[in-house]
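This report describes a structure for a reader who has not seen it before. It takes the chains one at a time, then turns to how their parts meet.

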Amino acid sequence: MRNPLSKNVVNIKPSGIRKFFDIVTEMKDAISLGVGEPDFDTPWHIREEGIYSLEKGRTFYTSNSGLKELRMEICHYLHRRFNLQYDYEHETVVTVGGSEAIDLALRAMVDPGDEVLIPQPCFVSYYPCTVLSGGVPVVIELKEENNFKLTRSELLSSITDKTKILILPFPNNPTGAVMDYDDLKDIVDIIIEKDLYVISDEIYSELSYGEKHVSIASFPGMRERTIVINGFSKSYAMTGWRLGYAAGPALIIEQMTKIHQYAIMCAPTTSQYAAIEALKNGDSDVEMMKDAYDKRRRYLVHAFNNIGLKCFEPFGAFYVFPCIKSLNMTSEEFATQLLLEEKVAVVPGTAFGDCGEGYLRISYAYSIDNIKIAMERIERFVSKHLPMTNR
Amino acid sequence: MREKILLAIDKNSKLSVEDLAIMLGSSEEEVSTVLKQLEDEHIICGYPTLINWDKVKCERVTALIEVKVTPQRGLGFDKIAERIYQFDEVQSVYLMSGGFDLTVIIEGKTMREVANFVAAKLAPMEAVQSTATHFVLKKYKEHGLPLVQAKQDERMLISP
C-alpha cells in the first residue's frame, strides 16, 4: 500500500499543549489554571437570541460571507471601538472562529516560499497554518526585557527579500503583552517601506486593561495592507459558538471568502444570530467581565511576585506569564511536577514556541476562590523546589 | 474608589482588605479608610450572609404582603413604614408605585405565625386599609445569586 499521508502534514509537530493535555487528563481531581477560554457563561440575552432563532426555524445556510445584518453590526462595532471603516459587503467575512480567519488569510496570501514572520511566544496555530499554505515560517523571539512587545530592530533584522507577511498577535496569548499606539507607530513605517502585509489577530482586543486597544489598521497607509481578525469567543465568552470574522481590503477578503465558500460554506447560523445580539447589546457584559479579569490579573501578578517568581505585568488577554528561571527546571518539568505533586494544571511556556522556555502560562479565567487555592499550592511547590541561594 | 469597592464587595463581602487592595490596585490603608467612611455614612449597612434555608432542617416561611395605607399629612408614607419595619418579623419594606403602597416581606417559623402577625399586628393598624398576603413557595435567586448549586466547570483542563 502507498503511504496515505501528506509529507507536509506529517512533518508538522503536534501541538505542545496536546502532549501535556494527555498527561493532565490522566489526573482525576486536578484543579487547573490552564484554559484559554473565559469562565463566564455566554450572557443570557445572547444565548436566548440563539434559542429564539432556533425556535423560529432559522436553521438554514446563510450567505457565504455571513448574515448581512451581522456584517453590518461588525462594521459598526469596528468603527465605534477602533475607528476602523469597512464596507460590510466586500470587506468582511464571518468565519468559524478567529482560527478559521487566520487560516483563510494565510492561504489567500501565501505563495510557496513566501516568508511569514511569526513573533513568539504566540498562539499555536500561526506556524502550522503557514506551513500548510506552503509558506516559510520565520520566528521572531520576543523578549521579556521588552515586555514581550515586537520591537523595531527585531522586526528589521528578520525581514528578507522573501518576507511577505507579518503576524501581529496582540493582546497576546500567552504573554498578555500589548502593543500600544507608540509601539505600533514604531514599526508601521518599516512595514510600509518593506511592502509587507499584516495579519493582525485582535481576538483579545476587548481585554485591554491599560490604554484602549489600538488596531494597526487604523494607521495611515495600513488599512490596505492589513487583515484584522477578531471574534466573539473571548470578548463575549462564546468559545463554543465558533464564530469569528476578518475585515480587510476587498481584494484579499474576496479570495478568503472563496476558500471559505468551498471549504466551510458558512459559519453556524444560530451563532450568527446570537452574535448580532452580542454586538448590539453586549457592551455592558464585556465591561463586567473585563472588570472581573482585571481584579484577578492584579491578584495573580502580586501573588507570583510575592512567592519569588518574577512576573511582568500583562496588560491584555487573561494570562500571566511568570518566569521560573530561578528554579532548576524546564517549563515542562515544572508543569509536570506541579501536576503530580500539587495537582495543579498550568501550561508550560514552550507550548507557545521554544522561546517560552523558562515561563509558564497561567490563565485567570477562573474564580478568585479557585485562583487562591491554586496559588497556595503553587507557593508550596515553589518553596520546596527553589534552590537555597534564590530564597 | 468608593464605587469600585462597593461593586467588588456587593456579591462577596468576605473579601479581605488585603485582597481588595491588591485587586483594585490600591493600598490597604486606603481601602480600610474608605470602608470605614462607607460604614459611618451608613452606605454599607451590614454584611449579611445569603443562606438557602430550604436546605437546612429548620422550618421557615417567607411571605410578601401588599399593603394599602392612608398616608399621613406632613409625614407621607414614612411614619407608617417605620411603624411596620420596627417589627422583628419584617425583613424588608419598600414603598411602591402602582396598585398598592407598601411591599412588606415577612419571615416566620410557620404559616400560622405569619398569619397571626398580619391579623394581629399589621391589619389592625389605623393607617392600613387592606393587605394581600402571598406566601413564597420556593426561592430561586436572591441578591443576584442563584440559590441552586453552582454548576461544575465543564471546560477542558487545558486548552490553547
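In this predicted model, the C-alpha centres of domain 1 and domain 2 of chain B lie 34 Å apart. The domain assignment places domain 1 of chain B at residues 2-40 and domain 2 of chain B at residues 53-138. Chain B holds five helices and six strands, and along the sequence they follow the pattern α-α-α-β-α-β-β-α-β-β-β. The C-alpha atoms of chain B occupy a box of roughly 65 × 40 × 30 Å along the principal axes. The radius of gyration of chain B is 21 Å, whereas a compact globule of 160 residues would have one near 15 Å.

Chain A has 13 helices and twelve strands. Its radius of gyration is 21 Å, close to the 21 Å given by the globule rule for 391 residues, so chain A is as compact as a globular protein of that length. Along its principal axes, the C-alpha trace of chain A spans about 65 × 60 × 55 Å.

**Domains of chain A**

Chain A also has two entries in the domain assignment: domain 1, made of residues 7-42 + 284-385, and domain 2, residues 58-281. The centres of domain 1 and domain 2 of chain A, taken over C-alpha atoms, are separated by 25 Å. Between these domains, 34 residues of domain 1 of chain A are in contact with 34 residues of domain 2 of chain A. On the domain 1 side of this contact, α11 and β9 (319-320) of chain A each supply at least two residues. The element that gives the most to that side is α11(A), with seven residues. By class, the domain 1 side divides into 19 nonpolar, eight polar and seven charged residues.

**Helix pairs in chain A**

| Helix pair | Crossing angle | Axis distance |
|---|---|---|
| α5(A) (residues 97-109) and α9(A) (residues 250-263) | roughly 115° | within 9 Å |
| α3(A) (residues 44-55) and α10(A) (residues 269-281) | about 145° | 8 Å |

Helices α5(A) and α9(A) are therefore roughly perpendicular to each other. The crossing of α5(A) past α9(A) is right-handed. In this pair, Leu104(A), Ala105(A), Arg107(A), Ala108(A) and Met109(A) of α5(A) meet Ile252(A), Gln255(A), Met256(A), Ile259(A) and His260(A) of α9(A). The residues of this contact comprise seven nonpolar, two polar and one charged.

The crossing of α3(A) past α10(A) is right-handed. From α3(A), the contact uses His45(A), Ile46(A), Arg47(A), Glu49(A), Gly50(A), Ser53(A) and Leu54(A), and from α10(A) it uses Thr270(A), Ser271(A), Tyr273(A), Ala274(A), Glu277(A), Ala278(A) and Asn281(A). The residues of the α3(A) contact with α10(A) divide into five nonpolar, six polar and three charged.

**Backbone details in chain A**

Most residues other than glycine have a negative phi, and most peptide bonds are trans. Where do the exceptions described here lie? The peptide bond from Phe170(A) to Pro171(A) is cis, with omega near -5°, and Pro171(A) lies in the loop between β5 (163-168) and α8 (181-193) of chain A. The peptide bond from Asn173(A) to Pro174(A) is cis, with omega near 20°. Pro174(A) is likewise found in the loop between β5 and α8 of chain A.

Arg242(A), a residue other than glycine, has a positive phi, near 50°. Arg242(A) is located in the loop between β7 (226-231) and β8 (244-247) of chain A.

Key
Residues are numbered from 1 along each chain as its sequence is written. Chains are lettered from A and ligands numbered from 1 in the order in which they are written. This is a predicted model: local features need pLDDT of at least 70, side-chain atom pairs count only at pLDDT 80 or more; totals for chains, interfaces and linings use all residues. Axes are lines fitted to C-alpha atoms, for helices over the stretch in contact, and angles run from 0 to 180 degrees between N-to-C directions. Helices (H or I, at least four residues) and strands (E, at least two) are DSSP runs, numbered from the N terminus. Angles under 35 degrees count as roughly parallel, over 145 as roughly antiparallel, 65 to 115 as roughly perpendicular and the rest as oblique. A crossing is left-handed if the near helix is turned anticlockwise from the far one by less than a right angle, and right-handed if clockwise. Two residues are in contact if their C-beta atoms, placed from the backbone, lie within 7 Å. Ala, Val, Leu, Ile, Met, Phe, Trp, Tyr, Cys and Pro count as nonpolar, Asp, Glu, Lys and Arg as charged, and the others, Gly among them, as polar. Domain bounds come from an automatic or database domain assignment. The radius of gyration is taken over C-alpha atoms; the globule rule is 2.2 Å times the number of residues to the power 0.38.
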